[in-house]
Amino acid sequence: MSFRKIRPSFGDSSVSTSNPSQSTSESTGSDPRRVRGEKEPAESSNSSLSSKRRRVPESVTRNACLNCKKARAKCDGKKPCKRCATRVETSECIYEIHIKHAKEELVKQIKDLRAKDHMTEQILQALSTDEQVPEILERLRNGETYESIVEWLGRAPMDDFETLSPRLSQHSTFEPSDHEMGGVSATNLKWTSVTSNTAVLDHLFQLYFAWIHPVHTLFSEGHFVDSYKRQSEKYCSSNLVNAICAMACYLHSAAEGDDFDFDQFGTEFSDAVRSDIDADDKSITTIQAFAVMFLVDCARGNGLRASSYLRVATSSLSTVDYHQNEWFAEVWKNTVRGVRNLNVEWAQMTFQVPPTISAAVYYDVEENDEEIDAAKWYFYRYVNDQCPAWPGLLATTNREKSKLTAIIQDVATLMYAHYGPQVSAHHLLQQYGRLVAWREELPSVIGNIENNNSQALPHVLSLLILYSNTVIHLLRPLLDLEGFPSPLIEEIIWNHAQQGLFLLDEHYRTQYTCRYQPVLQMFSILHLSDLVARFFPGGVEGGSKDGPDAIQFGIEALIQSRTGFPVAGPLQEMLRRTAQDCSIRFPLNELVAIPIPPKGVYRIDDLIDACTRPSYIQPVNEIHSRYLQSLSADWLAEGAAFGFLEPGSGAKRLRIPSAEERGAQSLMQIRNLLNRN
């Protein structure tokens with residue numbers, strides 16, 4: 001919009017000090033206001049003539065019209081001004097607006113347009129949900145204002161528009177213009193002191209909202225983006241921005257000619273959070289920042305410190321008053337659900353009892369879920385990436401994940417608690433039945449990925465992989481329980497392990513590579529590969545992975561992840577040691593984990609830091625001590641109702657080698673190696 005088309009505010013009669021000619025009396029030379037042909041009065045003329053010559057308009061404006069400026073004459077600021085009206089001017093009386101007034105007018109117009117857009121969106125949202133449609137249309141026909149209709153609907157009134165974030169369509173990535181409003185860069189608030197380069201921040205935000213946010217939804221993206229753009233600290237903070245950027249730095253793929261060192265950026269973003277964040281600050285954005293920092297330290301391989309960050313975020317949740325308003329309740333809900341899911345997943349991967357978060361868990365379909373599901377997810381990897389996009393299905397994925405983690409919480413508590421009743425066959429079968437029911441009841445849009453026309457989304461694949469891994473966690477200790485009829489469970493365990501590896505290899509790695517996979521998904525790779533290598537090393541006919549295949553896939557996947565995530569190094573070393581325990585040799589030297597310089601070798605501290613314990617392997621002996629002595633007999637009696645049937649005489653039996661057979665295999669391979677040398 002041209003500045004000249006915006007009219008300034010008038011009425012200021014003070015004289016500008018920026019132009020000396022407007023603050024001094026006229027010179028004794030020719031008076032430009034004199035009628036043409038009139039003689040110049042003599043110096044000795046009386047004072048009345050002198051005062052008449054010096055008379056100026058009663059009202060003088062700082063911003064004279066162009067004609068008065070050209071003539072260096074006083075201007076009264078009217079339209080047209082007195083001078084232009086009383087003289088025959090060849091040009092129109094036009095005012096050139098002052099830049100200060102222009103900016104104020106532009107900001108006012110932007111706010112008015114945003115407010116109108118907000119009210120229109122509220123009305124359209126009500127119409128799209130069949131909410132009082134006839135009444136709304138009738139009010140529109142009667143010419144009622146948008147503001148009155150919005151207030152009648154009970155939506156956010158105009159007075160709250162500047163303080164409450166509207167329900168924006170949630171996109172998984174930012175457009176470049178998202179960080180600007182009215183020509184003022186959002187970084188003017190100094191969200192971060194690490195860099196003021198908007199392109200760098202845009203890139204990091206897009207990486208985070210593509211690969212982290214859909215898997216670990218810890219806040220409302222729409223409200224965060226809105227506060228970021230408005231420079232409001234209601235749903236955004238410097239600590240949260242720095243934590244997000246620190247996490248996203250692990251996702252940046254370094255390329256030749258990079259102008260910036262993103263590894264150094266990641267360190268600086270993390271340090272900025274640690275130097276400023278306060279555990280006593282119970283604001284919602286601080287809780288979110290602690291939760292994101294949990295992910296940052298998990299990616300770094302600092303699992304022990306990460307656990308502390310997660311505990312702080314969890315303990316602070318109970319102090320937040322989420323009844324402030326509808327918008328804050330929505331943000332709080334996302335944070336509670338995200339923190340709860342993080343606790344449960346981390347507890348499962350590290351064999352602990354997850355904490356109980358005393359807050360409502362939301363399983364029901366909500367009003368705007370369809371809109372959130374329709375928002376695009378962008379396959380973003382690098383700057384100027386021409387990324388394809390698909391509907392993100394974020395609301396459905398998060399809702400179903402909450403249901404699954406509720407089951408996982410009960411499973412982890414059952415298996416790893418050092419208190420309570422001993423574990424019976426009925427307990428295990430009941431949890432298995434819940435898991436199977438969850439899988440069967442999944443909405444087809446995320447549950448039937450093989451028959452869907454669109455590409456399976458990475459966060460949907462992560463959810464299905466988590467399910468397969470949970471079944472393995474529940475049943476795996478039974479495979480080497482003395483006296484247990486393992487043939488009853490072999491096929492079900494094998495199928496779930498192979499399904500998990502299939503999703504990881506044929507879908508996730510093939511479509512996206514494992515470069516961007518979530519940190520906690522790396523633990524699933526370890527557990528699934530380990531199970532096949534230890535209990536089904538020979539595999540079965542039909543193309544499924546045997547032990548060496550599973551280990552090789554796991555190593556290759558972790559090599560891809562290790563490009564950005566340091567934690568993949570010690571995890572890869574653990575899997576290499578498992579291969580040695582199972583006498584599995586690698587055909588390629590590059591598959592062996594080589595610590596990133598300057599580290600020469602991975603020691604016990606590195607392994608403990610990665611997963612809070614020396615090994616990723618389930619503590620089966622501790623679990624066995626929790627089992628009832630009658631578990632095996634009870635399983636024979638109750639297992640058939642849950643699909644655990646004795647294989648028939650014609651059925652193909654999976655072959656699990658005994659400990660003695662595994663030892664003999666190891667000796668045979670050692671002997672072969674010695675003979676070759």
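User: Why does glutamate 556 count as partly exposed?

Analyst: Glutamate 556 has 23% relative accessibility. Buried means under 20% relative accessible area, exposed over 50%, and partly exposed in between (1.4 Å probe, protein chains only), so glutamate 556 is partly exposed. This is a predicted model, in which local features need pLDDT of at least 70 and side-chain atom pairs count only at pLDDT 80 or more, while totals for chains, interfaces and linings use all residues. Residues are numbered from 1 along each chain as its sequence is written, and side-chain values use heavy atoms, with hydrogens and water left out.

User: What makes glutamate 556 and arginine 509 a salt bridge?

Analyst: Their closest N and O atoms are 3.0 Å apart. A salt bridge is a side-chain nitrogen of Lys or Arg within 4 Å of a carboxyl oxygen of Asp or Glu, so the pair qualifies. Glutamate 556 lies in helix α21 (residues 547-562) and arginine 509 in helix α19 (residues 487-512), so the pair ties together parts that are 47 residues apart in sequence. Helices (H or I, at least four residues) and strands (E, at least two) are DSSP runs, numbered from the N terminus. Asp505, Arg509, Lys545 and Glu556 are linked in a network of salt bridges.

User: Why is arginine 576 called buried?

Analyst: Arginine 576 has 17% relative accessibility, so it counts as buried. Its salt-bridge partner is glutamate 573, at 2.7 Å between the closest N and O atoms. Glutamate 573, at 7%, is buried as well. Both residues lie in helix α22 (residues 568-581), three residues apart, about one turn of the helix.

User: Why is the pair of tyrosine 208 and phenylalanine 209 called edge-to-face?

Analyst: The ring centres are 5.6 Å apart and the planes stand at 85°, so the pair is edge-to-face. Rings of Phe, Tyr and Trp (its six-membered ring) pair if their centres lie within 6.5 Å; planes under 30 degrees apart count as stacked, over 60 as edge-to-face and the rest as tilted. Tyrosine 208 is buried at 0%, and phenylalanine 209 is also buried at 0%.

User: How do you know that the charged end of arginine 381 sits over the ring of phenylalanine 379?

Analyst: The charged end is 4.3 Å from the ring centre. The rule asks for NZ of Lys or CZ of Arg within 6 Å of the ring centre and within 35 degrees of the ring normal. The distance therefore falls within the limit. Phenylalanine 379 is buried, with a relative accessible area of 8%.
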